[in-house]
Amino acid sequence: MSCKKILVLTFLSFLFCTCNNSSEFYYTKSGIKYKFHDIVIEGKNPQKSDYLNVFIDWLTLSDSIIYSSKNRCLLGVHNIKLSENNNRSIEEVFYKLKKGDSLSIYINSEEFFKNYLNLPLPDEINKKEDIILRLRLLNISSENQQIKYKDSLIQRARDNEDLIINNIVKKWESEYDSVITLNNELVIVPITSLDTFKIIKGDRVKLIYSAMLVNGFVFYKVDSLSVLEFVIGEEGQMLEGFKDILLTLSKGSKVMALSPSNLAFGKKGSSDGSIPPYSPLIYNIEIVEVIKNLDSNLITNKKSQSFQ
């Protein structure tokens, strides 16, 4: 075999190995370790102040998930804004990427949280250990392009919501005997209902519940050790869909319910960014106690007497 053929075969072998699940580790000038899983040969690299649109997980060395964009971001897409002065060491890796690359970055947990995120290190994470950032680069956007990119994600989320809700309802209908859809498109699966006296506005209600995104991520939970108490109808205490669900229940009720986004956090999502726009919510609710509003009971009694 000629030297020329050997060189060609060697080069092709190198391309195949580097483009498909490379296990070789690399190091930046500041000593950050990283490993490519998929490498794109052609394409542009990010520049200062660009946005990187990525799927990303933060994991411990034992593969426990600390954070996943799949659970927390609009359509699972996390946005990383590169600094203007390249003063963050982890960005040495980011500037090497091309659209379509996937890799794992190993970085000291304390450095990542304090110096990059400007957040305190969580108590459960050892400050002497590395954490792994596992990401795939979906897109590179300039400042102006990022606005359009985010708008396109919001449009997709809006278009997808009805399909997501329909799929969940079909699944529930195949698994449960009773699935009730109300006029405002709330969907309720009764698990138990032990009292005929429905909750009304003004009642004080004690309950335990969980609230989650449709991907199963639980963003709020009240268990039996910390029963929550509400006065139904008071301003600012609860989302519209959650209140409307409670008004169908009574003491002892247990339900699973689905709320469309227009009765939850709507087209903007939550103010802290933890709930993306156009996110339907799933609740699991148990009514522990209902303390009836005496004034509302008097009004109800007077009305019933007037018809006798």
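User: Buried means under 20% relative accessible area, exposed over 50% and partly exposed in between, with a 1.4 Å probe and protein chains only. Which are Tyr209 and Phe242, buried or exposed?
Analyst: Both are buried. Keep in mind that this is a predicted model, where local features need pLDDT of at least 70, side-chain atom pairs count only at pLDDT 80 or more, and totals for chains, interfaces and linings use all residues. Numbering starts from 1 along each chain as its sequence is written, and side-chain values use heavy atoms, leaving out hydrogens and water.

User: Great. How many aromatic pairs are there?
Analyst: The structure holds 14; rings of Phe, Tyr and Trp (its six-membered ring) pair if their centres lie within 6.5 Å, with planes under 30 degrees apart called stacked, over 60 edge-to-face and the rest tilted. Tyr209 and Phe242 make a tilted one, 4.7 Å centre to centre with 40° between the planes.

User: Where do those two sit?
Analyst: Tyr209 is in strand S10 and Phe242 in helix H6, 33 residues apart. Helices (H or I, at least four residues) and strands (E, at least two) are DSSP runs numbered from the N terminus.

User: And what does Phe242 do with Tyr283?
Analyst: They form another tilted pair, at 5.0 Å and 45°. Tyr283 belongs to strand S14, so this pair ties together parts 41 residues apart in sequence.

User: Switching topic: which way do S10 and S14 pair?
Analyst: Antiparallel, over 10 bridges; strands pair if DSSP finds at least two bridges between them. Ile208 has Glu286 of S14 as its bridge partner.

User: Why is S10 largely enclosed?
Analyst: Because 8 of its 10 residues are buried.
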